[in-house]
Amino acid sequence: MASAGGLNVRHLCPPIVRFRGRWAIERMGLRQRTCLLLLLATSACLPGDRGAGRLMVIDDARDTVRLQRPATRVVSLIPASTELLFAIGAGPQLVGRTRWCDWPAEAAAVTDVGDGIDPNLEAILAQHPDLVVLYLSGSNAAVAGRLRALGIPVVQLRTDLLESVAPHARLLGELTGRRAAADSLVDAFEAQLATVTVSLHSGVRIPDRQSVFIPTWNDPIITVGAGSFLDELVTRAGAVNIFHDLPQPSAPVSLEAVAGRDPDLILTTGAGAVSFTHRPEWQVVQAVRRGKFVRIHGSQFDRPGPRSSQAITELKAALLEAQQ
Amino acid sequence: MILEGRDLEVRYPGVGLPALAGVDAWLRAGEFVAVVGPNGGGKTTLLRALLGAVPLQRGEAKVAGLPVASIPRADLAQIVAALPQREEPAFALRVGEFVQLGRYAHLGPFTPSGPSDRALVRDALERCDAWTLRDRTIDTLSGGEWQRARVARALAQAPRALLLDEPTAALDVRHAMELLELVRDLVASGLGALVVTHELNLAARFADRVILLADGRVQAVGTPREVLTQETLTRVFDWPVAVTTWNGGTPQVVPLRRGETRDP
Amino acid sequence: MTRRLLFVALFVLLTATFGLSLGAVSIAPGEVWRALVDGSSSYGPIIRQLRLPRVILGFLLGGTLAVSGASLQALLRNPLADPYLLGLSGGAGLGAVLAIALGGPIAWAVPAAAFAGALGAVALVYALGRTSSGRLEPRILLLAGVVTSGFATAIMTALMVLSDAAELRNAFLWLLGGLGRASWQSLGLFLIWAPIPLLVLFTAARSLDLLALGEETAGYLGAEVERVKRRVVVSTALLTAAAVAAAGMIGFVGLVVPHAVRRIMGPLHGRLLPIAFAVGGALLVGADTIARVVVRPIELPVGVVTALIGVPVFAILLRREIR
């Protein structure tokens, strides 16, 4: 309602799931594991002979995924991966997507198979895929197992953070036979990101940066920590998330913790009005009393991908506007 | 006349035959009345009808001359103390607290219990030989102690009549005799007592008057000698019995085994 | 007895002090006192706008839940009764989810809908639990509560599956309970609402003593049994629904506190109800303080803390009872 919850992967992975999952998975340091190994089975193939060789990658679940030839019927159950597949020119190979895949516009033409977490197996099978891209989460582990038992290759990705974009682009390029396109996408992506990012060495001292509170839900108050995409965007835009010290991607916090940390700005995602801030108890927060709100809206703020540098640019503009 | 029921008729929903039909019953001060009869004959229903605890299809029940339905429960509880057969307290009160609950009707929701209440409770406990039990919790009492505690609570109501439903059901000979001797003593001091019981011989020993109920109707009423006859009991209980006498005329009933003759 | 009362008073005072001085920001008790009386303290806003209403509301809610639980346990003659038993949990959940599903951006929509859902469910249970002659039958009430809650939960689950809004899952977090939403406003509303039903329960104390003996006995001892049952069911429903609206569903306070206090003070409700109010209140204030402090700045749902405290206590009490 008031603040349409803007967790980085909210449509894919709703807050309650993340809240539960973080103890089981996030604590194991899985983020560090995101760097994936990309291996080509060189022993069996000669240069220039790639189409006939076997493709092999290791995904975020550390599972080895092998394909005889590049996939031509891909079902993508992650909005971020759908964006990447289109960006590397593999859009025509897509035969299924989630109902949350709203970018790029061409994605609308791809068959909608429903949710990305606990997906509908029958809807997936109906597309006769030769590759399924699945979000890596506890509740999807059984799904991956069942798909593999049915002989369908599954690649599980955790698409929460910016650092995953380049390796995922390369991995998907490998599996769809679009390596060159993936490489040039990664180059462009990294160059743009470097351009828009306000570097820690840019001369702006940390205490001078704007401090930002990012509520994704108001009752109970849920915010994002260092393990979240929004936190990354805010940091790269030159501001500081007041709950950057939380390792969890999202967590419930108390109003007095917000008041105690005294943010300069309140950043909300979604189109909804921030009516909760009219409630009397919120007036203890100085930024609320002063009406220091920044609103951002759009799926580019929900998931890392080719549009992230644009998202950072928009965020910088919004922060600048709020400052004046 | 403390209790008076005239032409009482009670029907339970969904049951064809009436539980009580055309029953007259009454209880005076200083009188011990026993209600006997076969299972399902209407004994407990009669007790409830006299107390206004079941709706009457016909007839009228009066307590102290007033229609029982018009008397607030708290006022009724000051006139009549009744102990239903089953009572299963949810929590383990101490016996003293348990007996003190008998004062509820007099005190209402707020008045704290005063010295006179405490004296009455103590008196009730002592008369039932339960004073030494006062700090025990009720879940630790034996069957006999439990019944004594309940009678003590009934006495704490300072009633004019006691209505007891099967008070000796779970008691051995000694405890059954002790309990009925206590009731007899109370009757001697002026209370009326109406006791529902299966024990024909105890009824014969203690009651001034016996009401024999079967099929919801009064089959016989009068002194034990008038009611507890071989002919009547054999018919009503549908089982052959012999009736002898004890100690100069009190009837005592002996149910016969198959093939036994009535005169040994 | 006096020593026990002093112990209870000390418990209340201690939890209140901790509740006011601990939190995301820890403040020394002396500084708390200054912030309360002196407007210029830098901690003034946090203490006066956040913690004071939170501690007072927590105390009132904990007390209310404990008294409601104790009353229902006597009425239903069932020591496992808790205030949410008569359909309230399912009704409140359905209300909250509906509000978020249909929700405009209105801050009070969720509590208001949870309140309405809880009362609607109890009304249904009440109607189901009445016999043709107008008597309330405790056994049927219990069963009706279970099936009504189950039915509401089924509708709620269907809504969550069918709806597009992932935000619906946040309704669960809301329902898990928290005093973080306490304000002078919500405290004021509760203070207007609660006193009359609370008074009804306190005045029913002696009738509850009789009801706990069984309905027939209670009637013969002078209780107006049906009237008492109606009043107690309606009052606990009104109070619990208001508590849900104020802070979600906080479990185990209404179940465990009456048991614990019965062991200390005995089962007579004249003593049990007021002491259970104080102990329940203090327990919830303490649990809320723990919820705020233990993983700060993250705040645990207070229902999680009351369960973590309540379940072991309940288990110990049960073991002792069996022995």
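Tutor: In chain A, A:Y135 stands opposite A:L157, a residue of β7(A). The model is predicted: local features require pLDDT of at least 70, side-chain atom pairs count only at pLDDT 80 or more, and totals for chains, interfaces and linings use all residues. Residues are numbered from 1 along each chain as its sequence is written, while chains are lettered from A and ligands numbered from 1 in the order in which they are written.

Strand β6 (residues 131–135) of chain A runs parallel to β7(A), and four bridges join them. Strands here are DSSP runs of E with at least two residues, helices are runs of H or I with at least four, and both are numbered from the N terminus; two strands pair if DSSP finds at least two bridges between them. The two belong to an open sheet of four strands in the order β5-β4-β6-β7 (chain A), with parallel pairing. Its edge strands, each pairing on one side only, are β5 (94–97) and β7 (154–157) of chain A. On average, neighbouring strands of this sheet are turned by 20° against each other, direction ignored. Helix α4 (residues 141–149) of chain A packs on the sheet and touches β6 and β7 of chain A, its direction making about 160° with that of β7(A). Axes are lines fitted to C-alpha atoms, for helices over the stretch in contact, and angles run from 0 to 180 degrees between N-to-C directions. Contact requires the C-beta atoms of two residues, placed from the backbone, to lie within 7 Å.

Chains A and B do not touch, and their nearest C-alpha atoms are 39 Å apart. Chain B contributes 21 residues in contact with 23 residues of chain C. On the side of chain B that touches chain C, α2 (73–79) and α4 (104–107) of chain B are the elements that give two or more residues; α2(B) provides the largest share, three residues. By class, that side has 15 nonpolar, one polar and five charged residues (nonpolar: Ala, Val, Leu, Ile, Met, Phe, Trp, Tyr, Cys and Pro; charged: Asp, Glu, Lys and Arg; polar: the others, Gly among them).

Also in chain B, the buried residues of α5(B) are B:L120, B:V121, B:A124 and B:L125. They cover an arc of only 135° around the axis, which puts them on the same side of α5(B); the arc is that of the directions from the helix axis to the C-beta atoms. A residue is buried if 20 or more other C-beta atoms, placed from the backbone, lie within 10 Å of its own, exposed if 12 or fewer, and partly exposed in between. B:P115, B:S116 and B:A119 are exposed on the other side of α5(B). The cover over the buried residues of α5(B) includes α3 (95–100) and α6 (143–156) of chain B.

In chain C, C:G310 lies in helix α15 (residues 302–322). C:G310 counts as buried because it has 23 C-beta neighbours inside 10 Å. Leaving out residues up to four places away in sequence, C:G310 touches C:F252, C:L255 and C:V256. Elsewhere, α4(C) is mostly covered, with 13 of its 15 residues buried.
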